[in-house]
Amino acid sequence: MSVSLYGQHLVGGVWCDGPGVFASSPASGPVRSFAVGTVELVDQACAAAEAAFASYARTSRAERARFLRAIADEIEVRAEAITEIGTQETGLPAARLNGERGRTTGQLRLFADHIAEGAYLDRRVDPALPDRQPAPRPDIRMMQRPIGPVAVFGASNFPLAFSTAGGDTAAALAAGCPVVVKGHSAHPGTAEIVAQAVLAAILSCGLHSGVFALIQGGKRDVGTALVTNPLIKAVGFTGSLVGGRALFDLCAQRPEPIPFFGELGSVNPMFMLPGAMSARGAELAAGWAASLTMGAGQFCTNPGLAVVLDGPDADAFVTDTVAALTQVAAQTMLTDGIAAAYRAGQSRLAAHPDVRPLLQGEAPARAAAPALLETTVAAFLADHTLGEEVFGPLGLVVRARSLDEMAQLARSLQGQLTATLHMDPADLATAQDLLPVLERKAGRILVNGFPTGVEVGEAMVHGGPYPASTNFGATSVGTLAIRRFLRPVAYQNFPKDLLPNDANP
Ligand code: NAP
């Protein structure tokens with residue numbers, strides 16, 4: 001399908017301009033102009049979303065499932081155009097964009113199946129007990145209801161799966177909530193073509209045009225206006241700790257505070273237990289190097305920390321990891337800003353008196369070469385900044401003098417999206433000791449795997465205690481993600497005809 005770009009916002013089903021334009025900064029291909037977002041456009045989009053909520057929240061599950069599938073189909077119709085502009089804007093290879101598109105359409109269809117099945121409503125009934133003494137009990141039935149318009153911030157590192165029609169949008173639309181997306185300025189063209197797909201689905205399904213809006217990147221006032229708009233009832237965000245925390249604080253300070261579901265990343269520690277290191281250290285080094293450099297390390301699940309027991313196996317592991325990373329060429333990063341932040345993070349660690357740089361490759365301006373550094377548990381415990389994420393292909397080896405020290409480091413960690421145990425049967429007792437600590441630190445715990453590559457399914461948790469996310473009771477990936485945009489309502493003593501469609505189990 002041939003696709004034209006308007007360079008505009010989508011508000012209330014209409015493509016519209018802003019007061020000015022900004023130029024995109026693609027990794028390759030033409031520089032394009034896009035309308036700048038404004039506070040007024042945000043207000044219009046939120047008003048349209050609120051107007052849409054009245055009818056959209058009352059659609060049947062089958063109608064919403066049809067809508068989600070229609071979005072997936074319309075994205076596929078535009079597949080070629082999406083990959084072409086996506087690769088230009090982000091520098092990600094076509095194979096990655098194609099895979100991410102499949103993940104995005106898969107997510108939409110998974111949510112369609114999930115709501116059609118209906119268990120997410122968590123319906124509970126306390127039947128009336130008219131003869132109960134000393135007082136009768138009325139009929140009470142509870143179910144989950146959509147919360148209202150949801151704001152979504154597109155992520156720079158997943159231009160499809162965590163952006164315009166990505167996981168947050170799919171979960172909110174599945175729940176029955178209209179969505180206002182703030183597009184990321186790193187991929188405005190990709191965002192617009194996906195928004196065109198969503199609009200086509202809205203039209204083919206005959207839904208209210210306010211169900212979905214895209215405001216292209218503007219200045220900080222756009223994001224601020226979006227999270228503080230009184231019509232917005234929750235926010236889905238993937239991005240930096242600084243940005244996420246600023247927006248979280250704005251949500252908490254509103255006259256009516258709202259939940260801010262921020263996924264802010266982590267260093268995803270791996271504990272390399274001695275049995276596994278002795279049996280297959282070289283294999284682990286190769287696996288780590290591959291996981292660390294995948295997508296130029298621009299994954300929130302990038303395993304940035306390997307904790308090892310000091311000794312000859314640790315020495316060999318470090319040597320093998322350096323050798324494997326040396327084979328990986330510099331890769332283009334998503335934006336100039338992200339490349340600059342990577343270089344700054346690398347320099348900060350390398351300049352630390354208790355950190356030893358092992359590999360620091362050279363890379364052109366918007367690119368990153370793999371980096372490896374090492375330190376000790378004692379240094380790590382003394383300076384918590386060593387545990388801060390450097391977004392990119394950078395690994396830090398932490399040497400422990402004993403298993404006790406390894407456990408001490410685990411206890412000192414901040415909240416993480418993932419934690420990994422590399423273990424053999426001989427390591428079982430050590431793993432059993434570490435597990436209760438790691439359960440309190442991470443949303444997902446892996447054994448003998450690497451955390452990059454997050455399955456989208458029923459059992460996945462992509463979240464964790466702060467600062468991995470701003471709400472450790474939630475996940476932004478998998479069907480459980482829908483719960484972020486639902487609220488339980490109890491209906492007491494309702495006549496059957498007044499109950500919402502789904503209220504009878
Ligand atoms: P970001 O700076 O957090 O920005 C994400 C979105 O939030 C953008 O739309 C941004 O708007 C908006 N925003 C940020 N701070 C704001 C504020 N104070 N007020 C209003 N809006 C605000 O993330 P990014 O641009 O994707 O990348 C920057 C850094 O984030 C990276 O270097 C990396 O460290 C980290 N990152 C982490 C992950 C992860 O998964 N953990 C993913 C991506 C990025 P503007 O475009 O107007 O700034």
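Predicted model: local features only at pLDDT ≥ 70, side-chain atom pairs only at ≥ 80, totals over all residues.

Visitor: How many residues surround the ligand, and which are the closest?
Guide: The shell holds 23 residues, each with a heavy atom within 4 Å of the ligand. Ser156, His184, Arg220, Ser240 and Cys300 are the closest.

Visitor: What lies 2.7 Å from an oxygen atom of the ligand?
Guide: That is a polar side-chain atom of Arg220. For His184, a polar side-chain atom lies 2.8 Å from a ligand oxygen, and for Ser240 a side-chain N or O atom is 2.6 Å from one. A polar contact here is a pair of N or O atoms within 3.5 Å.

Visitor: How much of the ligand does the protein cover?
Guide: The protein covers 85% of the 870 Å² of accessible area that the ligand has on its own, by the Shrake-Rupley method with a 1.4 Å probe.

Visitor: Which residue types make up the shell?
Guide: Nine are nonpolar, eleven polar and three charged. Asp, Glu, Lys and Arg count as charged, and Gly is among the polar ones; Ala, Val, Leu, Ile, Met, Phe, Trp, Tyr, Cys and Pro count as nonpolar.

Visitor: Why is the ligand said to lie between the domains?
Guide: Domain 1 (9-264 + 469-498) and domain 2 (269-447) both give residues to the shell, so the ligand lies between them. The domain bounds come from an automatic or database assignment.

Key
Residues numbered from 1 in each chain as written. Heavy atoms only, no water. Polar contact = N/O pair within 3.5 Å; in protein donor to acceptor, adjacent residues only side chain to side chain.
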